[in-house]
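Q: I have a model open and want to learn to read its features. Where do we begin?

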Amino acid sequence: MSTVHQPDLKDRPARLTVGVVGAGRVGPALAASLQLAGHRPVAVSGVSDASRRRAETMLPDVPLVPPAEVLQRADLVLLTVPDDTLPGLVAGLAETGAVRPGQLLVHTSGRYGTKVLDPALRAGALPLALHPAMTFTGTPVDVQRLAGCSFGVTAPEELRLAAEALVIEMGGEPEWISEQNRPLYHAALALGANHLVTLVAQSMELLRAAGVAAPDRMLGPLLGAALDNALRSGDAALTGPVARGDAGTVAAHVTELRKHAPQTVAGYLAMARATADRALAHGLLKPELAEDLLGVLADGGHADHADRGSDGTGGTDGTDGTNGTDGTTGTEGNDR
């Protein structure tokens, strides 16, 4: 049974005609979820062949029309275009008279609040910023994944109830973000989600190079546990050679990366430095071990560091958390 809160009927927006400007991965999914809530998609715009195919799959029988015609037909318009495109699009629609007074204009950019919609506001539109904190595939599975998804919401005070109701109708949970905090909010999500994909992809490539036949199968349980523990315990979930202060192991890692995947060295060193700083600040990395470790990181692993009893594999006895079970501390049961 769904636990998503449903708004009182008095708070629910009237059934709306819905238009989408920008048939990327996000817009059609949000429109399809609004359709499930009883709203009616009536128009969508898309430029590329991929966008048009996506719109036809996600929103069958909804006509593909130019952006100005989308605004002409819809009470609620989703502007789901890249961040850098959004200001120019809004200005252009307002200047050409496409915006109608009383029209709900919703953008899904994480970077911007409602100020980017000021040209449309001056034309009488009602501005909302509703950013789903989720990665999209551009397939129908996205509609299901919206259940329980947090939305970063920025809206004028008088439109907060409408914004909340729309998010909840899409299966999401509203999280209110102030206008001035939108860039910081978006940077936080990019740091966690976008960089995670890069790290996982690099890890899979290295495992393949090491002879692992199914790196996804190997990483799945490890990364799943790491993510769960990190969300539960924060920095207390830090484990591995950096948090332990195993300078020799880290130096061995860097040596191997320079040989087999030099393009990953800069990222490895940067993340190791950040991890060392956090481990030190939270008392996980002993100061007496930190000096050698920070020396390795400072010289990029070129110096000849003592092995310190490590075989360079990152530990196999459970002390690095990969074989622990209780996940309650930074050295037990834990490796996003």
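**Salt bridges and cores**

A: This is a predicted model. Begin with lysine 115, which counts as exposed because its relative accessibility is 57% and the cut-off for exposed is over 50%.

Q: Which residue forms a salt bridge with lysine 115?

A: Aspartate 118 does, with the closest N and O atoms 3.6 Å apart. Aspartate 118 is partly exposed, at 22% relative accessible area.

Q: How many salt bridges are there?

A: The count is nine. Among them is the pair of glutamate 256 and lysine 259, whose closest N and O atoms are 3.1 Å apart. These two are three residues apart in helix H11, so about one helical turn separates them. Glutamate 256 is partly exposed at 37%; lysine 259 is exposed at 58%.

Q: Which parts of the chain does the pair of arginine 15 and glutamate 169 link?

A: Distant ones: arginine 15 sits in the segment before S1, and glutamate 169 is in helix H7, 154 residues apart. Their closest N and O atoms are 3.0 Å apart. Arginine 15 is partly exposed at 39%. Glutamate 169 is buried because its relative accessible area is 10%, and buried means under 20%.

Q: Which residues have the most contacts inside the largest nonpolar core?

A: Leu76, Leu78, Leu128, Leu130 and Phe151, in a core of 33 residues. Elements giving two or more residues include strand S3 (76-79), strand S5 (126-132) and helix H7 (160-169). H1 gives the largest share, five residues. Another core, of 22 residues, lies apart from it and includes Val42 and Leu79.

Q: What does phenylalanine 151 touch?

A: Its contacts include Leu30, Leu130, Val167 and Met170, leaving aside residues up to four places away in sequence.

How values were computed:
Residues are numbered from 1 along each chain as its sequence is written. This is a predicted model: local features need pLDDT of at least 70, side-chain atom pairs count only at pLDDT 80 or more; totals for chains, interfaces and linings use all residues. Side-chain values use heavy atoms; hydrogens and water are left out. A nonpolar core is a set of buried Ala, Val, Leu, Ile, Met, Phe, Trp, Tyr and Cys residues joined through side-chain atoms within 4.5 Å. Buried means under 20% relative accessible area, exposed over 50%, partly exposed in between (1.4 Å probe, protein chains only). Helices (H or I, at least four residues) and strands (E, at least two) are DSSP runs, numbered from the N terminus. Contact means heavy atoms within 4.5 Å. A salt bridge is a side-chain nitrogen of Lys or Arg within 4 Å of a carboxyl oxygen of Asp or Glu.
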